[in-house]
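User: I have a structure open and would like to go through it step by step. Can we start with the charged side chains?

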Amino acid sequence: MYQISGNAEIFKWLERETDSNRRLVMLDWLVEFVREPLKTAQRVPGILAPVYITIVPLPGIPAVVRFLVADQFNTLVVKKIVPLP
């Protein structure tokens, strides 16, 4: 299991999201995400660091999470959360 860094980005998304159901789905998803972060993630090409994106299946419009895997620290650094275009 990984730990999450980049909490500011998560809190910023939670503050902007007005739908309490979507906030709960995101929090539930994060619990599963830390167990197997690369299960559905895709590596971002052209970047030397291990940066990935994955889709959070939120009701309505899904979100895309961009994150860095720091295996040596057993940490996932959340860089950005945006709605799926």
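User: Which residue's side chain meets that of E17 in a salt bridge?

Analyst: A note first: this is a predicted model. A salt bridge needs a Lys or Arg nitrogen within 4 Å of a carboxyl oxygen of Asp or Glu. Here the N to O distance is 3.0 Å. The partner of E17 is R22.

User: Are E17 and R22 buried or exposed?

Analyst: The cut-off for buried is under 20% relative accessible area. Both residues of this pair, E17 and R22, are buried.

User: How many salt bridges does a search of the whole structure find?

Analyst: One of them joins E17 and R22. Another links R35 with E32, the closest N and O atoms being 3.0 Å apart. E9 also forms one, with K12. The search of the whole structure finds three.

User: What are the relative accessible areas of R35 and E32?

Analyst: R35 is partly exposed. E32 counts as partly exposed too. The value for R35 is 46%, and for E32 it is 46%.

User: How far apart are the closest N and O atoms of E9 and K12?

Analyst: E9 and K12 both sit in helix α1 (residues 7-16). They are three residues apart, so about one helical turn separates them. An α-helix has 3.6 residues a turn, so residues three or four places apart point the same way. The closest N and O atoms of E9 and K12 are 3.4 Å apart.

User: How far apart are the end C-alpha atoms of helix α2?

Analyst: Helix α2 covers residues 20-33, which is 14 residues. At 1.5 Å a residue, α2 should span 20 Å. The end C-alpha atoms agree with this, at 20 Å.

User: Where are the buried residues of α2 around the axis?

Analyst: The buried residues in α2 are R22, M26, W29, L30 and F33. They cover an arc of only 105° around the axis. So they lie on the same side of α2.

User: What covers the buried residues of α2, and which exposed residues are on the face turned away?

Analyst: The cover includes β1 (3-5), α1, β3, β4 and β5 (75-83). The face turned away from the buried side carries the exposed residues L24 and D28.

User: Which residue caps the N-terminal end of α2?

Analyst: Look for a side-chain oxygen 2.8 Å from the backbone nitrogen of N21. The residue that supplies this oxygen is D19.

User: Now the strands. Which residue in β4 is the bridge partner of I53?

Analyst: I53 is in β3, opposite Q42. Strand β2 (residues 42-43) and strand β3 (residues 51-56) run antiparallel, joined by two bridges. β3 also pairs with strand β4 (residues 63-70), antiparallel, over six bridges. In β4, the partner of I53 is R66.

User: Which residue in the turn of the hairpin has a positive phi?

Analyst: β3 and β4 form this hairpin, with six residues between them. The phi in question is about 85°. The residue is G60.

Conventions: Residues numbered from 1 in each chain as written. Predicted model: local features only at pLDDT ≥ 70, side-chain atom pairs only at ≥ 80, totals over all residues. Heavy atoms only, no water. Helix = DSSP H or I, 4+ residues; strand = E, 2+ residues; numbered from the N terminus. Buried < 20%, exposed > 50% of the residue type's maximum accessible area, 1.4 Å probe, protein only. Pairing = 2+ DSSP bridges. Expected span 1.5 Å × (residues − 1). Arc of directions from axis to C-beta. Contact = heavy atoms within 4.5 Å. Polar contact = N/O pair within 3.5 Å; in protein donor to acceptor, adjacent residues only side chain to side chain.
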